[in-house]
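This briefing walks through a protein structure topic by topic. Please keep the sequence and the 3D view open beside the text while reading.

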Amino acid sequence: MLIRFVIRMMKRLKNEASSVRRFKLSYILLGLAAFYLILICVKFPEFLESATALSGDAAAADVALDVEDDGGESSTSGFHNNLNQYVLVTPREEENENGALPHKKPRKLHYGRITAAIMKRQNMERNLSVLDRMADEAWTLGSKAWEELDKYEEKGIEMNSILEGKPESCPSWVSTSGAQLAKTDQLMFLPCGLAAGSSITLIGTPHYAHHEYVPQLSKTRAGDALVLVSQFMIELQGLKSVVGEDPPKILHLNPRIRGDWSHRPVIEHNTCYRMQWGTAQRCDGLPSKYDDDMLVDGYLRCDKWMRNDIVDTRESKIFSWFDRFIGRAKKPEVTWPFPFVEGRMFILTIRAGIDGYHINVGGRHVTSFPYRTGFTLEDATGLAIRGDVDIHSVYATSLPTSHPSFSPQRVLDFSEKWKSLPLPQNRIQIFIGVLSATNHFAERMAIRKTWMQASAIKTSDIAVRFFVALNPRKELNAILKKEADYFGDIVIVPFIDRYELVVLKTIAICEYGVQNVTATYIMKCDDDNFVRIDAVLREIQRVPPRRSLYMGNLNLLHRPLRTGKWAVSFEEWPEDVYPPYANGPGHIISSDIAKHIISQYRNRSLRLFKMEDVSMGMWVEKYNSSAPVQYSHNWKFCQYGCMEDYFTAHYQSPRQMFCLWNNLLKGKAHCCNF
């Protein structure tokens, strides 16, 4: 009986377990079905949008998908020639004469219809880089600026009145308090700049030193880069040329009370033009040479102040005793301490002289800094103060009451002899694209009057065009359009100029050199670059014909900076070194490389990088993987300034360009580093 009872109980438990399993399995299936229905409801709008885009007409399908045509390249950008002799480059598709988009062939789908649409939608929403978004915004703002320019002209505004400019009335003095200065981010506006005799007086108190990590000192301090720092900067600044570029620093005055690498208080002066620093002038307590070539308006560049580490070797104890024995009177010498002390108020005056700036502190002369080529006093329209200092008040006096360079007519010379020749129909040796900014009227005019007068350009063996983007100020765009209409040598790229988007101008130069002219080589340079046309031609002729060429001042194994102003993140460039690239001020590529760049750009497979010269190196390296490229390096494509027997000279002001051209006319390739 007992055995029979146990068997019966085991059968019951087995039947109950199977029913429980069936019960749980049914619930799991119902749950999965419900989850599937929820997923379908959530994703249905995306599938519906994709199906709608793909089931409509051919035009709708072209909008939803962006893949290659059966017949070759897709037209994503182009140059639109017009009757006004300037050219617009747009990222949109070219229109036909009736204003409608050209007919396209049905596209070959490389993916399933719905899958391709989803991928396109995700790419549009998620895969845009910061540079791509910045470019899209610049194109959008540029289109609006161009439309506003048309309305600006429709109002019938007399262009002569804009060109001649009405003299701007400015006050002869301005002042501000420390509280008012703090509201304007420590920046004071000087309406008409400065003139000889102008002076700026500041009253301030330096902060007490604070600990600061200085990586540059880690090597000299056995790994300890935490130092006490107290310093501040006073800068005379000009107007920035393009958005994203720092304004030029016409005078950078940097008193360092503590924290300098020399471990002594110093005063450093410098200038910065187009984000490139010049050679610093340092005053460390030792007087500069009393030499006519070193004096500035008769003042020493660096005056003397007390230094505990200096022992006067000229006077020993023996000579001191001898002087007292014979009764020779000792000439008293006044020695001043360093003019800035932590926590102690100072009165500093910057005075504009004939040859340079003079800095007085506490009523005595401390330093003088000569004017540097490329800057004028009227360019100094801003005073910026940064660093460890509290400013109590600023007073600027003897200021000019009108701006002498307010009118572009001052530099634009509307003469027939400076007009550009029409583009040649036959093949030319080199097409030169010059990057310029909207308000660089003087730079463009200097190039027209100097190296653009070379015989090779006059005989149409070389063609030159300026590539200029738009400015947020519509009156500047109006003058630019007037200049382009008259001279016929400007390509207007209709986006709002930004320093980070120079790479788009380089692409425009390649496209122009491929589509609008038939050039064997294409050269890119900046508008502060002086080009020795004859020397560049001779250098190119040394290259075997029909060989792909990348020529310039090449950089090899350059590493990206991971910190600081020029920092590049690992997402932007994950590798340790850049590919070989030529410095941006002037480089040359053969036309086959330019065609490859344009083809990649149209297929949206061209990688854009925020550094234009590195971008070109990346593109050439990619082309070199399929077709051999001859890399040609020469230091005479100068990156910084000028060297004797140069091919190109960088950072040349309009005044220097005229000097270089006069030297060439005399048969000498001498620099003008005055």
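Aspartate 489 sits in the loop between helix H10 (474-487) and strand S19 (490-496), and the model in which it is found is a predicted one. The points below begin with this residue, then turn to a sheet of strands, and end with the disulfides.

**Aspartate 489**

- Aspartate 489 has a relative accessible area of 0%, and because buried means under 20%, this residue counts as buried.
- When residues up to four places away in sequence are not counted, aspartate 489 touches Ser420, Arg448, Met452, Val464, Arg465, Phe466 and Ala484.

**An open sheet**

- Six strands build an open sheet with antiparallel pairing, and their order across the sheet is S3-S16-S5-S12-S13-S14.
- The edges of this sheet are strand S3 (174-177) and strand S14 (364-370), and because each of them has a single partner strand, one side of each is left without a neighbour in the sheet.
- From one strand to the next, the twist averages 20°.
- In general, the strands of a sheet pair through backbone hydrogen bonds, and the pairing can be either parallel or antiparallel.
- Strand S5 (residues 199-206) and strand S12 (residues 346-352) run antiparallel and are joined by 6 bridges.
- Threonine 201 has a bridge partner in S12, namely threonine 349.

**Disulfides across the whole chain**

- A search of the whole structure finds 4 disulfides.
- If the bonded cysteines are counted along the chain, the disulfides follow the pattern 1-2, 3-4, 5-7, 6-8.

**Cysteine 170 and cysteine 192**

- Cysteine 170 and cysteine 192 form a disulfide in which the sulfur atoms are 2.0 Å apart.
- Cysteine 170 lies in the loop between helix H5 (159-164) and S3, while cysteine 192 lies in the loop between strand S4 (187-189) and S5, so this pair ties together parts that are 22 residues apart in sequence.
- The torsion about the S-S bond of cysteine 170 and cysteine 192 is about 55°, and the disulfide is therefore right-handed.
- Cysteine 170 counts as buried at 7% relative accessibility, and cysteine 192 counts as buried at 1%.

**Cysteine 642 and cysteine 671**

- Another disulfide joins cysteine 642 to cysteine 671, with an S to S distance of 2.0 Å.
- Because cysteine 642 lies in the loop between strand S24 (629-633) and strand S25 (648-649), and cysteine 671 in the segment after helix H15 (654-665), the pair ties together parts that are 29 residues apart in sequence.
- The torsion about the S-S bond of cysteine 642 and cysteine 671 is about -80°, so this disulfide is left-handed.
- Cysteine 642 and cysteine 671 are both buried.

**Cysteine 659 and cysteine 672**

- Cysteine 659 is joined to cysteine 672 by a disulfide, again with an S to S distance of 2.0 Å.
- Cysteine 659 lies in helix H15 and cysteine 672 in the segment after H15, so the pair ties together parts that are 13 residues apart in sequence.
- A torsion of about -80° about the S-S bond of cysteine 659 and cysteine 672 makes the disulfide left-handed.
- Cysteine 659 counts as partly exposed at 22% relative accessibility, whereas cysteine 672 counts as buried at 3%.

**Two further cysteines**

- Cysteine 272 is buried, with a relative accessible area of 6%.
- Cysteine 510 also counts as buried, at 2% relative accessibility.

How values were computed: Residues numbered from 1 in each chain as written. Predicted model: local features only at pLDDT ≥ 70, side-chain atom pairs only at ≥ 80, totals over all residues. Heavy atoms only, no water. Helix = DSSP H or I, 4+ residues; strand = E, 2+ residues; numbered from the N terminus. Buried < 20%, exposed > 50% of the residue type's maximum accessible area, 1.4 Å probe, protein only. Contact = heavy atoms within 4.5 Å. Pairing = 2+ DSSP bridges. Axes fitted to C-alpha atoms, helices over the stretch in contact; angles between N-to-C directions. Disulfide = S-S within 2.5 Å.
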